[in-house]
2 protein chains.
Amino acid sequence: MTTQEQHPVIPEGYTDLLGTTALIHVATLGPNGEPQSTPVWFDWDGEHVKFSQTKTRQKYRNVQRDPRIALSLVDPEDPYRYLEIRGEVTKIEDDPDLDFINAMAKKYLGMDEYPYHQPGDERVVVYVEPHHTTQMGA
Amino acid sequence: MTTQEQHPVIPEGYTDLLGTTALIHVATLGPNGEPQSTPVWFDWDGEHVKFSQTKTRQKYRNVQRDPRIALSLVDPEDPYRYLEIRGEVTKIEDDPDLDFINAMAKKYLGMDEYPYHQPGDERVVVYVEPHHTTQMGA
């Protein structure tokens with residue numbers, strides 16, 4: 001499936017949001033089941049929302065403990081249009097050569113390499129499978 | 001406490017974010033403890049983040065069932081600066097005369113009255129007490 005094709009869960013008319021440079025706010029569950037929320041850069045491959053994470057971050061530990069996740073993003077051109085995606089983390093992939101985080105730096109910063117990489121940071125790619133959405137706007 | 005004073009939980013240098021017209025992404029827990037996330041208009045009174053809700057919305061039922069909540073917002077002027085507030089819903093107040101939602105319409109739309117009110121909508125004001133924050137940026 002390419003990014004252009006309609007995904008069965010994403011409502012028609014909202015797929016374009018997944019091609020924007022909006023930040024996506026990621027809600028995960030902390031160690032006591034409490035909600036946590038952080039904005040991140042994201043990519044959409046037509047089947048999964050993907051985002052980068054270092055192994056030391058709490059979000060990484062959260063989704064390993066409980067893969068349930070919610071993502072919300074707002075149209076950068078229209079603050080009254082948003083999409084929420086609820087789903088599950090189905091895969092976490094190592095990013096040893098920083099291919100994914102560098103692609104995100106390209107998308108969001110126009111740079112070939114992610115400029116904030118720290119020696120020792122172990123990066124992964126988190127894959128989210130959409131199960132359900134809510135939305136507002138036309 | 002006024003909105004200008006420093007709050008013990010909000011880090012110095014981030015209070016200004018609470019005066020912006022950013023949307024705040026609200027993470028709550030659904031009926032099975034799963035995360036849900038939605039962007040909303042918000043107000044900061046110096047002690048609580050407040051947002052409007054109708055009684056029929058799932059977020060309203062969520063915070064009555066489990067008051068734990070997380071909020072994240074990004075500086076509209078600087079996408080690399082954000083604040084996450086974790087806390088608890090400590091009060092839900094009726095808004096029978098729509099004073100609060102109208103004040104939000106003033107803040108976000110520059111209008112005296114909220115233009116999307118539907119007859120029968122029962123509005124409440126949700127109060128969030130901050131317990132802990134995470135942040136990025138300077």
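Colleague: What makes you describe strand β5 of chain A, residues 68–75, as largely enclosed by the rest of the structure?

Modeller: In this predicted model, 7 of the 8 residues of β5(A) are buried, and therefore the strand is largely enclosed by the rest of the structure. The word "buried" is used because each such residue has 20 or more other C-beta atoms within 10 Å of its own.

Colleague: How do you know that β5(A) and strand β1 of chain A, residues 24–29, pair?

Modeller: Pairing requires at least two bridges found by DSSP, and β1(A) and β5(A) have 3, in the antiparallel sense, so the pair qualifies. H25(A), for instance, has S72(A) as its bridge partner in β5(A).

Colleague: And what makes β5(A) and β6(A) a pair, and what do they form?

Modeller: Against that requirement of at least two bridges, β5(A) and strand β6 of chain A, residues 78–94, are joined antiparallel over 8 bridges, with A70(A) standing opposite R86(A) in β6(A). The two strands form a hairpin, with 2 residues between them.

Colleague: Which elements of chain B give two or more residues to the side that touches chain A?

Modeller: The contact takes 22 residues from chain B and 22 residues from chain A. On the side of chain B, the elements giving two or more residues are β1 (24–29), β2 (35–40), β5 (68–75) and β6 (78–94) of chain B, and β5(B) supplies the largest share, 6 residues. By class, that side has 11 nonpolar, 7 polar and 4 charged residues.

Colleague: Why are β2 and β3 of chain B called edge strands?

Modeller: The open sheet of chain B has 7 strands in the order β2-β1-β5-β6-β7-β4-β3, with antiparallel pairing; β2(B) and β3(B), the latter at 43–44, are edge strands because each pairs on one side only. Within the sheet, β6(B) is joined to strand β7 of chain B, residues 123–136, by 12 bridges and in the antiparallel sense, and L83(B) stands opposite Q135(B) in β7(B).

Colleague: Which residues have the most contacts inside the largest nonpolar core?

Modeller: That core has 62 residues, and those with the most contacts inside it are L71(A), I24(B) and L71(B). Beyond its neighbours within four places in sequence, I24(B) is in contact with V40(B), F42(B), V49(B), F51(B), L71(B) and L73(B); they are said to be in contact because their C-beta atoms, placed from the backbone, lie within 7 Å.

Definitions and conventions. Residues numbered from 1 in each chain as written. Chains lettered and ligands numbered in written order. Predicted model: local features only at pLDDT ≥ 70, side-chain atom pairs only at ≥ 80, totals over all residues. Buried ≥ 20, exposed ≤ 12 C-beta atoms within 10 Å, placed from the backbone. Helix = DSSP H or I, 4+ residues; strand = E, 2+ residues; numbered from the N terminus. Contact = placed C-beta atoms within 7 Å. Nonpolar A, V, L, I, M, F, W, Y, C, P; charged D, E, K, R; others polar. Core = buried A, V, L, I, M, F, W, Y, C linked by C-beta atoms within 7 Å.
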